[in-house]
Amino acid sequence: MRRLVYLDAARRDLTQILRYIAQESGSTQTARHFTTALRQQCATLASLPGTLGTPRPELHPDIRSFPCRGYVIFFRYEADRLEVVTIMEGHRDVERWFPARND
């Protein structure tokens, strides 16, 4: 099992997702339930053996993605840990959020 690490950007994303869902649904409980499901998916990715998710070399050589409830979890494997880089809505222009690659 890999250690699960949330980078600062991913922590901010989870907070923003929580606030957005609470505002839109009018329910903090619904928002917490939703962000808990996202965190559980991240924990599952860290706990399973092998290499999971879709490689995203167009974004960065080591970035992978995994969809979850209309959002996409972007992560990478680093030694004995899985780092969650960012979490964003699936319809967003993802390439805009990652720095341009210099190949």
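Trainee: Which residue does Glu78 stand opposite in S5?
Mentor: Glu78 stands opposite Arg81. Keep in mind that this is a predicted model.

Trainee: How many bridges join S4 to S5, and which way do the strands run?
Mentor: There are 8 bridges between S4 and strand S5, residues 81-89. The two strands run antiparallel.

Trainee: What sits in the turn of that hairpin?
Mentor: S4 and S5 have 2 residues between them. Ala79 is in the turn, with a positive phi of about 50°.

Trainee: Back to Glu78. Which side chain does Glu78 meet in a salt bridge?
Mentor: Arg76. The N to O distance is 3.8 Å.

Trainee: Which residues end up linked in the network?
Mentor: Arg76, Glu78, Arg81 and Glu83. Salt bridges link them.

Trainee: Is Glu83 buried or exposed?
Mentor: Glu83 is buried, at 6% relative accessibility. Arg76 is buried as well.

Trainee: How many salt bridges does the count come to?
Mentor: The count comes to 4 salt bridges.

Trainee: New topic, S4. How many of its residues are buried?
Mentor: 7 of the 8 residues in S4 are buried. The strand is mostly covered.

Trainee: What does S4 have on the S3 side, and how many bridges join the two?
Mentor: S3 and S4 run antiparallel, with 5 bridges joining them. Phe66 has Ile73 as its bridge partner in S4. Arg64 has Phe75 as its partner there.

Trainee: Which residue in the S3 to S4 turn has a positive phi?
Mentor: Arg69, at about 55°. This hairpin has 2 residues between its strands.

Trainee: Aromatics next. How many aromatic pairs does the structure hold?
Mentor: The structure holds 2 aromatic pairs. One joins Phe34 and Tyr71, with ring centres 5.5 Å apart.

Trainee: Why is that pair edge-to-face?
Mentor: The planes of Phe34 and Tyr71 are at 65°, and edge-to-face means over 60 degrees.

Trainee: Which parts does the pair tie together?
Mentor: Phe34 lies in helix H2, residues 28-47, and Tyr71 lies in strand S4, residues 71-78. So the pair ties together parts that are 37 residues apart in sequence.

Trainee: Are those two buried or exposed?
Mentor: Phe34 counts as buried at 15% relative accessibility. Tyr71 counts as buried at 9%.

Trainee: What is the geometry of the Phe75 and Tyr77 pair?
Mentor: Edge-to-face, with 5.6 Å centre to centre and 85° between the planes of Phe75 and Tyr77. Phe75 is buried, at 0% relative accessibility.

Trainee: Over to H2. What does the helix reach, first C-alpha to last?
Mentor: H2 reaches 28 Å with its 20 residues. That is close to the 28 Å expected at 1.5 Å a residue.

Trainee: What do the buried residues of H2 pack against?
Mentor: Strand S1 (3-6), helix H1 (8-25), S3, S4 and S5. The buried residues of H2 include Phe34, Leu38, Cys42 and Leu45.

Trainee: Which ring does Arg39 lie over?
Mentor: Arg39 lies over the face of Tyr6, at 5.0 Å from the ring centre.

Trainee: Last one. Where is Pro57?
Mentor: Pro57 is in the loop between strand S2 (54-55) and strand S3 (64-68). Pro57 counts as partly exposed, at 42% relative accessibility. Pro57 and Ser25 are 35 Å apart in space, C-alpha to C-alpha, and 32 residues apart in sequence.

Key:
Residues numbered from 1 in each chain as written. Predicted model: local features only at pLDDT ≥ 70, side-chain atom pairs only at ≥ 80, totals over all residues. Heavy atoms only, no water. Buried < 20%, exposed > 50% of the residue type's maximum accessible area, 1.4 Å probe, protein only. Phe/Tyr/Trp six-rings, centres within 6.5 Å; stacked < 30°, edge-to-face > 60°. Helix = DSSP H or I, 4+ residues; strand = E, 2+ residues; numbered from the N terminus. Lys NZ or Arg CZ within 6 Å of the ring centre and 35° of its normal. Pairing = 2+ DSSP bridges. Expected span 1.5 Å × (residues − 1). Contact = heavy atoms within 4.5 Å.
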